[in-house]
Amino acid sequence: MDAVVRPVWFRSDEPKTLQDPLTLRTRASIYHRSCTDCTLAQFPVVQLSPEQYPRGERGGDFMETVQQIISAGANIVEATDLSSDLSRLRASFPKAHILIDRAEWGRFKDVNLAVLLSQLKDATYDAEDLLFELDDHLLQQKRDDANRSSTGQLLVSLFNSIRVLISRSKARVEDAQSKLDKVVGEMEGALNFMGLNVEPTQLGKAPRMPETSSVLSDPLVFGREEEQGRVISLLGVPLTILRSSAKRLRGESSRAKPPAMVEEVVAPTVLPIVGIGGVGKTTLAQLVYNNPRVKAHFDLRMWVCVSDPFDIKRVTKEILEHTSAEALDSLASLNTLQVELSKQLTEEKFLLVLDDVWPSANEKWRRFSAPLRHGRQGSMVLVTTRSLTVADLVATTEPTAAVELQGLPTDIYWDFFIKCSFGKECPQLYPQLQEIGRGIVSRLCGSPLAAKTLGRLLNAELTERHWRSIQNSELWELAHQDNEILPALRLSYLYLPQKLKRCFALCCMFPKDYSFERDEIIDLWASHGFVAPAGSMRLEDIGSRYLDDLSSWFLLQADPRFPGLSRYVMHDLIHDMAQSVSVGECFLVQDPSSYQTLRRMPQTVRHMSVDVDDAALSRMPTSLENLNKLRSLRFGTKFEVEISWFNQLSNILFLSLKGCKLLMPVVQGCKQFMRE
């Protein structure tokens with residue numbers, strides 16, 4: 001069967017160009033800055049704006065054409081049966097989506113229900129893909145016949161095409177309906193047995209914004225004065241700013257020293273800050289990093305977000321970016337980078353903050369830290385981590401000197417919770433809610449992130465009924481480890497409107513600490529039809545509202561690394577939650593070992609992101625061709641991408657190849673389709 005033209009949101013380094021969907025060619029030209037010239041590829045990619053091709057009801061166009069076949073009086077029995085089957089299949093989707101929403105409330109209680117939910121999603125998405133495929137074939141046929149002026153000619157052509165398609169499609173539609181009916185029936189029975197008669201919750205418009213801010217750079221911080229003082233003391237910072245150190249606060253250079261003043265080169269002291277996710281480790285490190293006494297004490301301060309997996313080369317590059325204004329060679333080897341870093345640190349008393357270090361660093365730490373031994377005496381490394389194993393490995397101080405961060409003290413935490421939950425409202429006007437709030441706070445383990453997210457949920461409706469429904473939720477009774485996702489965060493997800501749930505869950509196809517561009521994430525949502533049309537509003541504007549809504553719930557937040565820019569980041573703990581609700585749907589290839597899992601990856605995966613920076617893995621495996629259910633595919637690193645990889649990805653809706661070099665063989669006889 002010939003390739004089918006499918007509208008795809010295509011992101012590269014080039015600006016979008018718009019085309020009429022009815023005049024698209026199967027062999028579409030793709031422009032890319034990394035290519036030396038523009039060649040053709042046998043890949044049905046087009047670049048459309050949301051207004052041009054909003055994704056609406058699936059199977060609608062195909063059913064309309066089936067009615068034309070019926071009216072023509074040919075194959076009336078088969079055509080009528082198929083039309084009826086398509087109508088029934090499409091009518092099954094609302095109920096399936098309601099059951100998916102209801103099952104979300106029980107997936108954390110019962111592992112069998114979680115498995116059944118995955119099956120229901122897969123059956124629903126398979127049926128959607130089938131209807132969309134039928135519409136694709138019709139779109140291709142209309143494209144081929146667009147130049148025919150005679151309605152009779154067009155109908156004859158459509159008749160011949162659809163007649164063949166009807167005979168092939170009926171069995172597939174019946175199979176999809178049978179599969180969906182079976183799992184819908186099983187899900188209804190399971191939900192009724194468990195008593196989960198929860199209707200989809202709609203809280204209406206986004207809740208009011210409280211006075212507190214979600215960004216870590218916010219100067220309004222509750223508590224942590226004692227911990228901040230302790231860390232600064234352990235860093236060896238004096239209580240007063242010495243005159244010789246005041247230059248740095250005035251912006252004067254004090255880094256250049258004559259050889260006689262260079263102090264003895266010794267290994268830096270490594271001080272870990274350890275605690276559960278969301279307890280405020282990064283906030284504490286940021287307070288210390290920006291303290292005036294700390295600024296004056298160190299010649300050089302560097303901040304690197306490490307995250308998981310631990311990539312020695314990337315982290316070393318980011319450290320070097322703090323030490324030199326010269327551009328780094330992107331192809332430089334690790335040895336070259338480490339030698340250069342050793343030279344740059346020789347005359348510096350530095351403070352290096354390594355934020356969010358995971359156990360994947362354990363085996364690589366000794367090799368990574370070798371260049372850091374060349375700094376001046378008094379140099380310090382501050383490490384934040386959830387893992388006691390990591391803290392024990394990296395610490396060079398006595399065990400009692402490590403900072404183990406606990407939740408905020410009860411009185412301070414209550415003040416913070418009140419700010420998050422009541423916002424501008426006066427808490428004294430709601431004595432009954434304060435009583436309920438006391439019971440909720442006792443379950444939050446002093447976590448600032450939990451207070452922010454759950455406080456936003458409570459602030460949405462300042463009524464006793466709403467607050468007690470949160471307090472009495474069965475999710476609180478579930479067993480969970482310290483490093484597991486807090487039930488409070490799960491509740492915030494469950495209370496999202498359904499339209500925002502899928503948008504939020506899709507974000508986990510990106511790696512942790514990824515900085516989203518506003519347009520990038522909105523394009524992703526719109527390409528999958530997650531952005532519901534509203535009157536004459538553009539889909540981009542509606543998607544912006546969705547993004548603002550998720551930000552108002554603290555599920556996404558402005559990226560403090562890019563102040564003033566429309567960029568967003570997801571907290572690690574929130575990312576973990578997004579992964580937990582999209583198991584089997586999103587897959588992230590982020591380290592060499594995950595490459596080996598491609599062949600064992602569930603066939604239910606719909607969204608995949610590839611973020612591997614390794615020359616040995618610069619070629620994607622041929623198994624990619626077998627992932628025919630993929631709707632989203634993103635390459636986050638520089639690859640040489642062969643267009644032939646995508647020939648079998650018939651359901652692809654979003655493709656991001658930013659930074660990749662496209663290897664597109666010229667197809668003989670297709671030069672007439674090349675753009676000028």
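A: Two rings of Phe, Tyr or Trp (for Trp, its six-membered ring) are counted as a pair if their centres lie within 6.5 Å; planes under 30 degrees apart are called stacked, those over 60 edge-to-face, and the rest tilted. The model is predicted, and accordingly local features need pLDDT of at least 70 and side-chain atom pairs count only at pLDDT 80 or more, while totals for chains, interfaces and linings use all residues. Residues are numbered from 1 along each chain as its sequence is written, and side-chain values use heavy atoms, with hydrogens and water left out.

By the ring criterion, the structure holds 12 aromatic pairs. One of them joins Trp105 and Tyr495 in an edge-to-face arrangement, with 5.2 Å from centre to centre and 70° between the planes. This pair links distant parts of the chain, its members being 390 residues apart: Trp105 belongs to the loop between α3 (93-104) and α4 (111-144), and Tyr495 to the loop between α18 (487-494) and α19 (498-506). Here helices (H or I, at least four residues) and strands (E, at least two) are DSSP runs, numbered from the N terminus. Burial is judged by relative accessible area: under 20% is buried, over 50% exposed, and anything in between partly exposed (1.4 Å probe, protein chains only). Trp105 has a relative accessible area of 13% and therefore counts as buried; Tyr495, at 8%, is buried as well.

Phe510 and Phe516 make up another edge-to-face pair, with centres 5.0 Å apart and planes at 80°. Phe510 is buried because its relative accessibility is 0%, and Phe516 is buried at 3%. Both phenylalanines are in contact (heavy atoms within 4.5 Å) with Ile521, which also touches Cys507 and Leu547 when neighbours within four places in sequence are left aside.

A nonpolar core is a set of buried Ala, Val, Leu, Ile, Met, Phe, Trp, Tyr and Cys residues joined through side-chain atoms within 4.5 Å. The largest such core has 66 residues, and those with the most contacts inside it are Phe504, Ile521 and Trp525. Helix α14 gives the most to this core, contributing seven residues. Apart from it lies another core of 27 residues, including Leu300, Ala361, Val383 and Val394.

Rings also occur in groups and beside charges. Phe310, Trp365 and Phe368 form one aromatic cluster. A charge is said to sit over a ring if NZ of Lys or CZ of Arg is within 6 Å of the ring centre and within 35 degrees of the ring normal. The charged end of Arg438 is placed in this way over the ring of Trp414, 3.8 Å from its centre. Likewise, the charged end of Arg301 sits over the ring of Tyr289, at 4.5 Å from the centre. Tyr289 is among the buried residues of α8, together with Lys281, Thr283, Leu284, Ala285, Gln286 and Val288. Helix α8 (residues 281-289) is thus mostly covered, since seven of its nine residues are buried.

Cysteines complete the picture. A disulfide is taken to be a pair of cysteine sulfur atoms within 2.5 Å, and a search of the whole structure finds zero of them. Cys508 is in no disulfide, the nearest cysteine sulfur being that of Cys586, 3.9 Å away. With a relative accessible area of 4%, Cys508 is buried.

Some totals set these details in context. The protein chain has 23 helices and 15 strands. Of its 676 residues, 54% are buried. Among contacts between residues at least 6 apart in sequence, 73% join residues at least 24 apart.
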